[in-house]
Amino acid sequence: MSWINDGGDHEGWVARILDDGREAHGSTSRRRDDGSVEFLELAPPVGGRWPEREEQVSSDRVCRWVVACTCGWRGSSWERVTELHQASEVEGREWRPLGDVGDEPQHVEEIAHTEWRRHLEPHDASAAVSRAAAAVARNQELWPFLLDAEGPFTEVTPTAR
Ligand SMILES: [Zn+2]
């Protein structure tokens with residue numbers, strides 16, 4: 001799942017990081033001969049030489065989750081632990097057993113979404129300042145014409161009723 005801002009120039013998601021540092025860019029699954037399901041990550045080719053064929057690796061190799069954005073921003077990360085007793089929300093260790101999907105736990109996604117929204121605030125504020133500056137510039141361009149049209153400082157006397 002990903003999130004897009006109003007301007008469409010930022011898209012955030014929780015990236016799944018493999019044990020060799022590669023970032024999975026998708027996931028899939030397949031049924032083994034014995035009927036069980038194997039969860040897989042789609043990984044870019046080693047060395048990043050596109051358009052070589054992507055590699056499918058076991059979701060057991062997901063070792064970390066990082067909140068990410070297409071602008072290059074990276075936020076908090078969470079370590080994956082495969083034994084429940086190793087998990088610690090305070091220390092950023094999240095439980096996802098072997099054989100399971102590689103997705104982050106739901107509460108991690110919620111925290112990540114909040115953090116991603118926060119990273120947009122300076123961007124949103126500077127966009128608002130840019131809009132205000134453009135409005136001021138337009139008004140300054142119009143100002144001489146307004147003076148010409150109405151004359152400088154025409155006094156208006158309120159009329160009594
Ligand atoms: Zn961004």
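**Close-up views of a predicted model**

**View 1. Pairing of β1 with β2.** Strand β1 (residues 2–4) pairs with β2 in the antiparallel sense over three bridges. Strands pair here if DSSP finds at least two bridges between them; strands (E, at least two residues) and helices (H or I, at least four) are DSSP runs numbered from the N terminus. S2 stands opposite W13 in β2. The hairpin of β1 and β2 has six residues between the strands, and in this hairpin G8 takes a positive phi near 75°. The model is predicted: local features need pLDDT of at least 70 and side-chain atom pairs count only at pLDDT 80 or more, while totals for chains, interfaces and linings use all residues. Numbering of residues starts from 1 along each chain as its sequence is written.

**View 2. The whole chain.** The protein has one helix and nine strands. From the N terminus on, the elements run β-β-β-β-β-β-β-β-β-α. Of the 161 residues in the protein, 15% are buried. A residue is buried if 20 or more other C-beta atoms lie within 10 Å of its own, exposed if 12 or fewer, and partly exposed in between, with C-beta atoms placed from the backbone. Among contacts between residues at least 6 apart in sequence, 44% join residues at least 24 apart; a contact is a pair of residues whose C-beta atoms, placed from the backbone, lie within 7 Å.

**View 3. β2 with its partners β7 and β3.** Seven bridges join β2 to β7, and the two strands run antiparallel. G12 stands opposite C69 in β7. β2 is also joined to β3 by two bridges, again antiparallel. The bridge partner of I17 in β3 is E23.

**View 4. The turn from β2 to β3.** Four residues lie between the strands in the hairpin of β2 and β3, where G21 takes a positive phi near 90°. D20 is found in the loop between β2 and β3 (23–24). D20 counts as exposed because it has 10 C-beta neighbours inside 10 Å. The C-alpha atoms of D20 and C63 are separated by 9.1 Å, although the two residues are 43 residues apart along the chain.

**View 5. The largest nonpolar core.** A nonpolar core is a set of buried Ala, Val, Leu, Ile, Met, Phe, Trp, Tyr and Cys residues joined through C-beta atoms within 7 Å. The largest one has 13 residues, of which V14, W65, V67, V108 and A112 touch the most other members. β2 (11–18), β7 (62–69) and α1 (106–150) are the elements that give two or more residues to this core. β7 gives the most, with five residues. Not counting residues up to four places away in sequence, V14 touches W65, V67, E104, V108, E109 and A112.

**View 6. The sheet of β4, β5 and β6.** Three strands form an open sheet in the order β4-β5-β6, with antiparallel pairing. β4 (26–31) and β6 (55–58) stand at the edges with a single partner strand each, so one side of each is left without a neighbour in the sheet. Neighbouring strands of this sheet are turned by 40° against each other on average, direction ignored. For such angles, axes are lines fitted to C-alpha atoms (for helices over the stretch in contact), and values run from 0 to 180 degrees between N-to-C directions. β4 and strand β5 (residues 37–43) pair in the antiparallel sense over six bridges. The bridge partner of G26 in β5 is L42.

Conventions:
Two residues are in contact if their C-beta atoms, placed from the backbone, lie within 7 Å.
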